Amino acid sequence: MARNESVGAIGAFLRSKLAGMGKLGKLVQGSLQVSVESHGSSTQSFDGAHGIHGAQGATGASGAPYVSVRPALPLTLFPVAAAWAGMLAAEALCWRGLVDKLPIPTWFLVTVLVIAGLGSLLLGISGFRGSRAFHRIRFGGQRAGLLSGQRASLAQHGTHQTSNYQRAQQVQPAQPAQQVQSAQPAQPAQSTQPAPLAQRIWQFLRPSKRMSLIIGLTAASLLLALASGLHYWGQLKESGQQLESLQVIEFGARLIGDPSQGAYSSQSTARISAKNIQTVSVRLFWPAGEEPAALGSRIKAKAKLRPLQEHQEFLFQKGIAASYVLETVDQRGFPADPYGVLGKFRETNTKALSDLGTDGGLLLRGVLLGDSNELYASDTGLAFRMTGLMHLVAVSGSHLAVIAAMLTWLLKRLGLRRLPQLAILAGILVAYVMLTAFQPSAIRATIMVVVVQAAGLSNRRAHAPSALGLAALLMILIHPPTAFSLGFWLSVFAVASLTLFLPLIRGWLSGSIDTVGEFARSLLNRQWGAIGFWQGTAGYRQGKSWHQQLAIGNQQDTGGHRQAASVLQQGVATPQTSRQKNSSSRAAAVGRSLLDPLAMTLCAQLGTAPLTLPIFAACPLVSPLANLLAAPLVTLQLLVGLPTLIIGSVFPSIRGLIVRFLGAIADLTCRLTEILADLPLACLPFSSALIPSLIWSLAIAALLYMLWPQFSRRTLPIPALAIALLIGFGLIQPLLPAKPELVVMDVGQGDAILIRDGRKSILLDTGPNETALLKALGRNQVVDLDAVMLSHLDADHSAALPILRTVQPEQVLLPAGLFEHQSTDAVIQKAATLCQGRQPRGLLSGDRLILGPRLTLTVLLPDTEVSESSNENCLVCALEYDADADGRSEARILLTGDAESSALQQLSEAEVEGGFQVIKVGHHGSKGAISGEQLKSWGCQAALISVGENNQFGHPTPETLEALTTNGVQVLRTDLDGDIHLNFKQGKIELSCATIEQFNE
């Protein structure tokens, strides 16, 4: 009875509040199934036609329940996955030429697939038309969201045919619970608990009319995606073959992307049109010293073809048919069409923002115009990546959400009808998408906004997951390269996580805040109570002593007792009623104000983690704090900056004044980001495989959605323990002392060698790629470095140096003389910045680095200071292992950098006395890297080669491999064996890698 009374009271309270909200209240009441839990009572559900299962909530100190509503899944969940798989298959078939081997023409195959796809769609719809759910969605008074994927009929639990919502309506809130109980005859208790998990899975998967629609949509999406992909990439490959017949051509081109700085020249993406060749996308390489044309401009040029190679499939996936090296550019400018006008507007404002000359100007270019290439390549851009804030810089769905909200508010104030509002809103959003170079996330957000607004025009409830699924499906089918766009998938995963799990995370955080608040209040009660007790006891003792001195036992003389009571009251009552109450209320207010931003940040980051962690190989632990601090500043820049740029086109003086103000705010944002990036453990290297990460994450998300765990003080220790174990495994284990070892890490065509013993660690060279280096550091659980050595300044040994900011090395070591003679070199400047202005240290022959009690690194070359970086002048070192600390080395390893056999002849007999058991072959195994005589004289037994898979240089060369095998040297290669570990144990070396478990020396 008590349970029914509490549930009925809460239900009546919710219904009364919803009834007082007018149409909005009816909409919420009809579309949501709300479940609340009060003081541990069982759950009472209120169903709606939307079919959303409610969630049990927790009740805080204020008595208000936390309502966590589980949104309905869209029917487009399976079709989107099928369309993506179809696009991947179509691209692979076209790139590998398998379609050309079929006995039928491509156009006929595409036609058959289109007919089959449309037939599957019609069959699925026809099988679903007869169901009551279809009629409710299509014709009912309470219509479900677009493709909501949930039955429009009221949810039913078990075999009971009366809905929970109808049962709730039977309880009259005006009557006491006792009268209701007496007025109605006794009925058997009906279970309102959800069905068991296995039964719910079977009900979802069993053959039904609803399942026929899902199968039809999925099959149609797969077939139509195959047809669209085969047509697109088939035409693209045919265009590439036509271009190969014309090595040098003259063409007109439209620039469709911002220029970026490559290793040797600037690059742009353009759509070209030439005689007898259809319009196709290509990549342009600009001549040295010539400024690239801006996005939206047209050029006429003469260029030389550079066809796609086997390793350039990523360009084919993006829809690029070939590359061209521009020889001459005859004409350039902005045409008078809308894209040209937007391009001119963009170029003018880009120059105005660049004139600020600060990192804030680069940030404004990315936030307002989507031009973030220059910021991305800077040190500030690295700080944004380390703090997980790059989504605030690049144009994304969050930008479109702010713009759409601002426009909607303005259009409503103008008193326009909903249809003109939608038309104006769509037009402005499309113009902004064009202005920012058609970013996939911006396109996705625009489609979602239009779909949601169109749902309102048709008197349908807006359903964000359905709008997301529909937008993703349309983008994949209409533009096949979207299936390979990382920005698109990051946007989809983030929005999907927000629409599905934000209520759950918000409910958990809300309950956690109250739990922590109650715990803090209990501590305050104990603290102030203890203080008051001892103060009161002291006063009582003082009063008793004074009383005893005057007249012991005189009942009329009670002043001492009154004084003690007064002190006791001051010690206990005052803090409990004023100070403690005010502090707890202020803390609660601060916590509530940060609840939604923190919940959205955590939800989006957890949703995108299956992609960002494997691809970017970095885990920004400081990201939630960084988003809370930086997101409001970036939103202010967006809200003020866009109107300023538009008004500034007419009044340039106003633009200059406000741009300087925005530049100050942007500079503040950059400095704040730099400070956060320099915090200890702000960002950690991370390594995981993409496919397992996706599978595990999707499985956990599905289980979380189906079970929908609720916050309570009993369940709080479960996620708290899981988080503690995760932090302990991810942070404590890498901080433990490491065993003495050398690791030749697989970073592609470059060198990166990790040496560590105990708590000391040093990195010799960085490799050419930042992401590859982060993955290697993550695989080997490196969270900090004592020093980084650069054997020389070639890109394959030093290009990834800036990313070492994540592990904060204390010192950079170079060949002696390089810093003084090459102080303007970009790598030298980055080395000084990496160590916060400390000057890099030069090394000469004879210098020794003590890495621990057993490992010593001795520099063998160069003998004198060097003035330039070259293979002959690079650092050559010997790593010595002294197992028993007697001064004699039990094992020696020669680390050659890029020094080849001619440079190694400089080593004296004293330096090579005792030989080398293992050698790291110089210059990735190039021709002449090592000679047979050197291998014999040094007694080498194993050779390590750091080389990239299928590299264009042909390393290692057959001559070097023959010299090694002829002399009986065991060869290990990073391109075949992955990371190569050399562990030092009991005076011996144990080699292990992915292909062998152990190889003893």
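I'll start with strand β4, residues 260-261, which pairs with β5 in the antiparallel sense over 2 bridges. In that pairing, Gln261 stands opposite Ser266 of β5. Before going on, note that this is a predicted model.

Staying with β5, residues 266-274: strand β3, residues 248-255, runs antiparallel to β5 and is joined to it by 4 bridges. There, Ala253 is the residue opposite Ile272 in β5. β5 also pairs with strand β6, residues 277-285, again in the antiparallel sense, and here over 7 bridges. For a residue pair to look at, take Arg271, which stands opposite Ser281 in β6.

Now the chain as a whole. The secondary structure comes to 33 helices and 26 strands. The chain has 1001 residues, and 48% of them count as buried. As for contacts with a separation of 6 or more, 70% are between residues 24 or more positions apart.

Next, the sheet further along the sequence. It is an open sheet of 7 strands, and the order is β17-β18-β19-β20-β21-β22-β23, with mixed pairing. At the edges are β17, residues 848-850, and β23, residues 970-973, each of which pairs on one side only. On average, neighbouring strands in this sheet are turned by 20° against each other, with direction ignored. One of the pairings inside the sheet is β21, residues 918-920, with β22, residues 942-945: that pairing is parallel and has 3 bridges. Val918 has Ala942 in β22 as its bridge partner.

On to helices. The pair I picked is α14, residues 379-386, and α23, residues 652-677; the two pack at an angle of about 60°, and their axes are 9 Å apart. How does that angle class the pair? Angles from 65 to 115 degrees count as roughly perpendicular, and α14 and α23 are therefore oblique to each other. Their crossing is left-handed. On the α14 side, the contact is made by Asp379, Thr380, Ala383, Phe384 and Met386. On the α23 side, the residues are Thr669, Cys670, Arg671, Thr673, Glu674 and Ala677.

Ser372 sits in the loop between α12, residues 359-369, and α13, residues 373-376. Is Ser372 buried or exposed? The cut-off for buried is under 20% relative accessible area, and Ser372 has 13%, so this serine is buried. Setting aside neighbours within four places in sequence, Ser372 is in contact with Gly366, Val393 and Ala394.

The other one is Gln822, in the loop between α28, residues 818-821, and α29, residues 826-834. Gln822 has a relative accessible area of 23%, so it falls in the partly exposed class. Which residues does Gln822 contact, leaving aside its neighbours within four places in sequence? The answer is Ile828, Ser867 and Glu868. Of these, take Ser867: in sequence, Gln822 and Ser867 are 45 residues apart, while their C-alpha atoms are 7.3 Å apart in space. The side chain of Gln822 reaches the backbone oxygen of Ser867 at 2.9 Å.

Definitions and conventions
Residues numbered from 1 in each chain as written. Predicted model: local features only at pLDDT ≥ 70, side-chain atom pairs only at ≥ 80, totals over all residues. Heavy atoms only, no water. Buried < 20%, exposed > 50% of the residue type's maximum accessible area, 1.4 Å probe, protein only. Contact = heavy atoms within 4.5 Å. Polar contact = N/O pair within 3.5 Å; in protein donor to acceptor, adjacent residues only side chain to side chain. Pairing = 2+ DSSP bridges. Axes fitted to C-alpha atoms, helices over the stretch in contact; angles between N-to-C directions. Parallel < 35°, antiparallel > 145°, perpendicular 65-115°, else oblique. Left-handed = near helix turned anticlockwise from the far one by under 90°.
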